[in-house]
Amino acid sequence: MIKLTNVTKKYGSRTALNQVDLELDQGKLIGLVGENGSGKSTTLKLIAGLIHPTSGEITVNGEKVNRQIASSVAYLSELDEYYRFFTVKDAIEFHASQFADFDIEKAYEIMDFMKLEPEKKLKHLSKGNRGRVKIVLTLARHTPVVLMDEPFSGLDPMVRNSIVKGLISFVDLEKQLILITTHEIREIENILDEVVAIKDGHIIGHHNVDDLRKENQLSIVDWMNEIYG
Ligand SMILES: Nc1ncnc2c1ncn2[C@@H]1O[C@H](COP(=O)(O)OP(=O)(O)OP(=O)(O)O)[C@@H](O)[C@H]1O
């Protein structure tokens, strides 16, 4: 379980997150939505231990985020940060050498599903295909927490649907908590258990997606239209 207690994150004088309280349960697929600059990436980086809160506390499965906890979190960055001269295979092998929880067989399985060629250099891949490599490298890890920052950006709308379905088949929903930020909420609405909305560094809503549908007859998009106006 991920728990943020009264978390504030400032970058200089800019407050990116403001006194956020949030609890996310294991075994859930959760979407984090919000406008540009609302604090989504900051939230993921804090949970991943890449940046530290200005005040407040973040725990993963009851333990305060530190280097050891951070290593049990798989994080897909919104940036392209892999070594350009690596082939897809090199990137997989490099990750296998870095993370004890990396499942190399699963990585090749996801790579095939993503229709990636192992010998292609990353620098020769399109943005969408580099995005697929990031998904492979993230989902091949057996970690209790998986954080994905805009995993579908750059992906062709024609294949997005099948990749979203594939994502479900490659995560362990019994054990893993998956937190995804996305602007493509329509595409992932059907796979989400919960949705969290953030605005100007504040959490303005957190719902079970089935409850939204059953009790309020709202899709996530309808609900977002209501709360963001
Ligand atoms: N390293 C940084 N230094 C200074 N300000 C930052 C830094 N990173 C983020 N910010 C600011 O913090 C706020 C939240 O940014 P964040 O990247 O978390 O938003 P986001 O919701 O992920 O946005 P987007 O949808 O555009 O990716 C923004 O105002 C942003 O300009």
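This note sets out, in numbered points, several features of the structure shown above.

1. Basis of the note. The model is predicted; local features need pLDDT of at least 70, side-chain atom pairs count only at pLDDT 80 or more, and totals for chains, interfaces and linings use all residues. Residues are numbered from 1 along each chain as its sequence is written.

2. Helices (H or I, at least four residues) and strands (E, at least two) are DSSP runs, numbered from the N terminus.

3. Strand β8. Which residues of β8 point each way? Leu 177, Leu 179 and Thr 181 point one way, whereas Ile 178 and Ile 180 point the other way. Five of the five residues of β8 (residues 177–181) are buried, so the strand is largely enclosed by the rest of the structure. A residue is buried if 20 or more other C-beta atoms lie within 10 Å of its own, exposed if 12 or fewer, and partly exposed in between, with C-beta atoms placed from the backbone.

4. Partners of β8. Two strands pair if DSSP finds at least two bridges between them. Strand β3 (residues 29–33) runs parallel to β8 and is joined to it by four bridges; Leu 32 has Thr 181 as its bridge partner. Strand β7 (residues 145–149) is also parallel to β8, with five bridges, and Asp 149 stands opposite Thr 181.

5. Nonpolar core. The largest nonpolar core has 59 residues, and Val 73 and Leu 179 are among those with the most contacts inside it. Such a core is a set of buried Ala, Val, Leu, Ile, Met, Phe, Trp, Tyr and Cys residues joined through C-beta atoms within 7 Å. Helix α5 (residues 127–139) gives the most to this core, with five residues.

6. Backbone at Asn 6. Most residues other than glycine have a negative phi. Asn 6, in strand β1 (residues 2–11), has a positive phi near 50°. Asn 6 is exposed, with 12 other C-beta atoms within 10 Å.

7. Backbone at Gln 217. Gln 217 has a positive phi of about 55° and is found in the loop between α8 (209–216) and α9 (220–228). Gln 217 counts as exposed, with 8 C-beta neighbours inside 10 Å.
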